[in-house]
Amino acid sequence: MTEALIVGAGPAGLLLACELRTAGVDTVVVERHAQRPDFCRGFNLNARALDLLARRGLAERLIGEGWQVPHAAFSGLPVTLTLAGAHTDHPYSLGIPQTKVEDILEAHAVDLGADIRRGHELRALEQDSESVTATVTTGAGEYRVRAAYLIGCDGGRSTVRKQAGIDFPGTEATRFSLLGDVELADPEALPFGATTGPGGTVFVIPRPGYVRLITTDRNPPEDKDTPVTLGLLQTAVDDALGRHVELRAARWLTRFGNAARQASEYVRGRVILAGDAAHIHPPAGAIGVNVALDDAFNLGWKLAATVRGTAPAHLLDSYHTERHTAGAHVLANTRAQVLLGEADDRLGPLTDLLTRVASHPAGNRALVETITGLDTRYEMPPDSDHPWLGRLAPDLALTTGDGRTSLAGLLASGRAVLLDLTGGTTVRESAAGWADRVDIVTATCPDHPELRAILLRPDGHTAWLRTAGPDHADGLHQALQHWHGPAAPSDAASVGTSH
Ligand SMILES: Cc1cc2nc3c(=O)[nH]c(=O)nc-3n(C[C@H](O)[C@H](O)[C@H](O)COP(=O)(O)OP(=O)(O)OC[C@H]3O[C@@H](n4cnc5c(N)ncnc54)[C@H](O)[C@@H]3O)c2cc1C
């Protein structure tokens, strides 16, 4: 019996394990692979993912392992988008192998006390109103785990999604690409970037010690899981270029398509989906790892409060509402990027129009914030029209009675934060009934003297904010109650941390 059983130790499962353990939830992770595979799919963390990870003190160590790229591409548009001026504390994309991100998250989850079981595969599940029972197989046999909640972070072909009977509507793949992590016998034979020959285009992406080649699979087999051979990739590359470019030392060969699907329910009873298990989309924009982390970050605190019994009834459903909407935006913008990349003359006027929009600073910013998810704004109970409401507030520099800190630093404990910048007592007294669930922090913020008070959910999204007005606590009760349930009786409330 455990409180949370996570299926899959990819980015979504590992960050969710960190989040649940930070909140003190008993967490078991089952992962079918005994070891992490030796190939690497993704190679970047975007600005939004770094902003989120910074709110748990995890960004710095990842940034130290990668390289910063201050721009982004909108596939199909001949423009480079800049992240300068975007709504982020990290105006760049971080080049970093997905496997390195997973290593760091897994070590952190283990340090926090997660029970990660490799070589354990979920085969079946059944749920009732009290719990979910999973059947797990290992090399040594089969066992059953009962969990209060089971979270399927088990990738695009999710067994959890299928076992729970959750629909996965969307569009079938219409095109396939071949991918090879290989060496070029003559490194000068192909430049980095796109090279177009008489038969098609070959993309060459530099990787440490090798290159990643991507080209169209013109004759995909009936069974798309048929292994890709070096010979097949060699033929496809030579056919595209109209000349022979010798490939060797294949590290990873695969085929991927442009299917786009999204689970109809992210939460069904006690079974929850996150990451690729909840949505698949074309690889344009290189965003899959980042959305998976975003899902986990949104879910963790809500599930923890639900397990603890402090969550308002709608809280877990808000995970579906918020992340299904965000996922739909990802599907739409990655599909748009794929469409713009089509060799279709009818798209010319649209490409020209969007290129002009992207070349304008405001258009650049809108597009870059869309494709990185920096524009993510969750609906909050009606309140002010401040631009931070519903979004991540910037990582403000603050001074508290304990010295200098920052907004992200205050969120490291994984609890909600109410920042009181009024110098008075009204805000603190108004929130006293929630002090067992919300850290109430008195501080000054020299960079934003207009700010009076701000309530941040544990995921850093701004739930309520006041800049001026005589009643600084107006609407605060409503916001606290909406996200954290009713106020505790006055003797219970005093256990919360405040500075
Ligand atoms: C070629 C390619 C390139 C990509 N490049 C990028 C990129 O540059 N940037 C980016 O952001 N994204 C990229 N992606 C997408 C990214 O890899 C995925 O979106 C991301 O890994 C999703 O994370 P996840 O945790 O949801 O699922 P996964 O990483 O797929 O993890 C799922 C885990 O569940 C395990 N599992 C599955 N079934 C079971 C079971 N029954 N029992 C136990 N364990 C199970 C699997 O072994 C796996 O470890 C790329 C994808 C591909 C294919």
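1. Let's begin with burial. In this predicted model, 52% of the 499 residues of the chain count as buried. The chain exposes about 21400 Å², and carbon and sulfur atoms supply 52% of that area.

2. Now for the overall dimensions. A compact globule with 499 residues would have a radius of gyration near 23 Å, and the chain has 24 Å, so the two values agree. Along the principal axes, the C-alpha atoms fill a box of roughly 75 × 60 × 40 Å.

3. If you trace the secondary structure, you can look for 14 helices and 27 strands in the chain. Among contacts with a separation of 6 or more, 70% come from residues 24 or more positions apart in the chain.

4. The chain has 45 positive and 60 negative charges, and their mean positions are 2 Å apart.

5. Is His 386 buried or exposed? Its relative accessible area is 16%, and buried means under 20%, so His 386 is buried. Setting aside neighbours within four places in sequence, His 386 is in contact with Arg 377, Leu 465 and Thr 467.

Conventions. Residues numbered from 1 in each chain as written. Predicted model: local features only at pLDDT ≥ 70, side-chain atom pairs only at ≥ 80, totals over all residues. Heavy atoms only, no water. Helix = DSSP H or I, 4+ residues; strand = E, 2+ residues; numbered from the N terminus. Rg over C-alpha atoms; globule rule 2.2 N^0.38 Å. Buried < 20%, exposed > 50% of the residue type's maximum accessible area, 1.4 Å probe, protein only. Contact = heavy atoms within 4.5 Å. Areas by Shrake-Rupley, 256 points an atom, 1.4 Å probe, with all protein chains shown as cover. Lys, Arg positive; Asp, Glu negative; His and termini not counted. Charge placed at Lys NZ, Arg CZ, Asp CG, Glu CD.
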